[in-house]
Amino acid sequence: MRVTPLTLLIPEKRAVPYADDHRLLASTAAWAAADGGGAVRLVSGAPGAGKTRLAVELQAQGVPCVWVRPGQVLPEHADGTVIVVDDADAHDAEGLAEILARAAATRVLVLARSFGLWWSFAVSRDESGLLEGAEHFTLVPAVLDQQSVRAALAERLGVPVPVGAAPRLETPLQALESALAEVVGGEVWQREQELWPAPGVPVPPEVMRDALAVAVVLDGSTYGDGELERAELLLRVPGLVEADVEVRIALARWVADAYPEGWPEAIMRRVAAGWLEQRPELAGRLLRDLSVRRALRALIALARVPDVRLGALIGADVAALQIPLLNAAFTGAARVVDEALAELVGERIRQGTAPSELLPPIEELGDESKAMVLPLTMATLAEQGTPPADAAETRRSRAYRLLELGQVEEAAAVMREAVALFRATPGARAGLARALNNLYICLSRLGRLDEAHAAITEEVELNRVLARNDPGRHNAELAASLSNLSISLTHRGRAKEALEAVREGLAFFRDSVEHGPDLAGALANEALALNRLGRHEEALAGLFQALEIRRKSDDPVKLLLALSNLTGTLRKAGRVRQAAEVAQEIQPVVDGLAPHEARINRPLIAGALFNAGTVLPEDGLAIMEAGIGVQRDLAAEDPGRYGELLASMLRDLERASLAQQVEEHLQNPAEVGHPPGVDDDL
């Protein structure tokens, strides 16, 4: 078979040397060969970062692998192999659970672009429990030597190696695409078509492109089906409706022969989506009358194309696609699918149609699931054709909802848009203050503390002006912003200023019965500053009061925070027995968190379990290790933010373990032996 340029982008081709800058391949090979440890390893990373290539190299090292791509089923005999779940965030949650149900006796390598809402949704559907204990690694793209990439590609294509300065690109796939364009001397897609093999039947070029678009968007389903079913799929190509079945079979065979080992994903999907935008009839035929799983794969394939107008491709018949649309909203393509829903139903909602009429209840998705999707859709709808202040407020609402769902990076980006719109809107000080508060929360969770401090400082000044100009109306917002400012000041080593700020806010909350939860938060922030000043006994009174307030709420996350704070402060104050009594409540609260709550609040869970383990007399070390396990996952994803705390936890665990050994020796010296003949060097 002739080598066409795009086939060299397929990971299985191994067209250029593999770069393992961070030794993730070596780590994964050791995990695959180990007897113990986690049965599931999740590797997430940006498109083109090298996730699939990682698995390809693992197989090249002699590790037996079975691949399961979206829409495929696990082969009957998979024991003793590594099951590679490629493009996992494009699998529906039930399909992923089916794979895991049969994979309990082996290892599962899960590859995904993102690690957000779709993962929590999959964990909630996974009865095997394997996902809950998965190890997670974020693949940091290796930086390829562009000249070496050019040379390898030129050798495979039999053309001269281009010379000249080479850019440093973000992902290996970008490096490959750039080098490929240089090697072939221009437009890759045009060169690709010139080198296509003959299809075996006389077919116009535009029909060949239609057939290829169908295969790409259906995510390779032409490979897994029999020839007759593949030919039936091509009935969606307008030029083949009247064609003999032999012609369709020949064309389906041509697609599989031209691209036999997968797709050079990024370019092929861009080409397919661009072609479909010019061919609305083909787009409509492609998405209608598919099975739910096939339609889901098609939607996700299209949603992953940058700048695609998915709503225009879907067309007006949203009712026929409501199940795959809502399922797709729980994948890595959530934002694009949600915007498509808004585009499709927006006009009808503005005309008075209720959302429930457009997206009626679906048995496969409960109320909790729909509640995660619809607020995002409604916020997107509200942005269409509204005044700047309203658009800013809906962006703020959308960003806050994204924050609740744990999509912090995306929430921060949308919140910045809201802040910019509020700044440009006369008389929008109150909205700007709220947006700055939400931006502060996003930036704090991302570890961008300097930016967060600037945001909360500006919000406090705005609220002071608002409270001065309209006494009584903005006092609660000012008190809340002062409480948050105290956190930022404490983390910056300015605990005395932090204490002054939070006590100014507390003066308002103590006099307001309706602000109980805010009072609990401010009391916790006061205790944080007092602890930094070494005044642990003073901190305890506020923390006990905060815990009582949290017990009356229905927020398990805030309750866990209160229990953890009180446990740690009691230990610092020397009240270890009392700390142990409080700490006994921590594990049950952690176990009762919903999967998406647990995923979003892993830093809190790590600290709470570790705090509990330091004071519990029984199983304390095991609980500390459980907290360290969560922290270890966080540090693997973001060493800069979580690595230092992990190192501190490990040092504390070592000291606690040594202390326990000494205690056991004092209780029964005979149980602890010493090797004979040990010199006591001086």
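**Cavities**

I began with the second largest cavity, which holds about 60 Å³ of space. My cavity search ran on a 1 Å grid over the protein atoms alone, and a cavity is a set of points where a 1.4 Å probe fits but cannot get out. Grid points are joined across faces, edges and corners, and a volume is the space filled by probe spheres set on the points. The structure holds four cavities of 30 Å³ or more.

Which residues line the second largest cavity? I listed Trp189, Arg209, Leu212, Ala213, Val216, Met268, Val271, Ala272 and Trp275; lining residues have an atom within 4 Å of a point. Helix H8 (205–217) and helix H12 (265–278) are the elements that give two or more residues to this lining.

**Ground rules**

I kept in mind that this is a predicted model, where local features need pLDDT of at least 70, side-chain atom pairs count only at pLDDT 80 or more, and totals for chains, interfaces and linings use all residues. Residues are numbered from 1 along each chain as its sequence is written, and side-chain values use heavy atoms, with hydrogens and water left out.

**The whole chain**

I looked up the secondary structure and found 34 helices and five strands. Helices (H or I, at least four residues) and strands (E, at least two) are DSSP runs, numbered from the N terminus. Of the 682 residues, 51% count as buried (under 20% relative accessible area, with exposed over 50% and partly exposed in between; 1.4 Å probe, protein chains only). The accessible surface comes to about 31400 Å², and 51% of that belongs to carbon and sulfur atoms; the areas come from the Shrake-Rupley method with a 1.4 Å probe.

**Cores**

I then turned to the largest nonpolar core, which has 78 residues. Such a core is a set of buried Ala, Val, Leu, Ile, Met, Phe, Trp, Tyr and Cys residues joined through side-chain atoms within 4.5 Å. Leu560, Leu563, Leu566, Ile586 and Ile605 have the most contacts inside it. Setting aside residues up to four places away in sequence, Ile586 touches Leu560, Leu563, Ser564, Thr567, Ala608, Leu609 and Ala612 (contact means heavy atoms within 4.5 Å). A second, separate core of 64 residues includes Leu6, Val149, Ala213 and Val216. I had already met Ala213 and Val216 in the cavity lining.

**Helix H1**

Which residues of H1 (24–33) are buried? I noted Leu24, Leu25, Thr28, Ala29, Trp31 and Ala32. They cover an arc of only 160° around the axis, so they sit on the same side of H1; the arc is that of the directions from the helix axis to the C-beta atoms. Their cover includes strand E1 (40–44), helix H2 (51–60), strand E3 (82–85), strand E4 (107–112) and strand E5 (135–138).

Leu25 and Leu58 are 33 residues apart in sequence, yet 6.8 Å apart in space, C-alpha to C-alpha.

Most residues other than glycine have a negative phi, so I checked the exceptions. Asp87 has a phi near 55° and lies in the loop between E3 and helix H3 (93–101). Asp619, with a phi of about 60°, is in the loop between helix H32 (602–615) and helix H33 (620–637).

Buried or exposed? At 12% relative accessibility, Asp87 counts as buried, whereas Asp619, at 59%, counts as exposed.

Conventions
1 Å grid on protein atoms, 1.4 Å probe; cavity = no way out; pocket = protein on both sides within 12 Å on 5 of 7 lines; lining within 4 Å.
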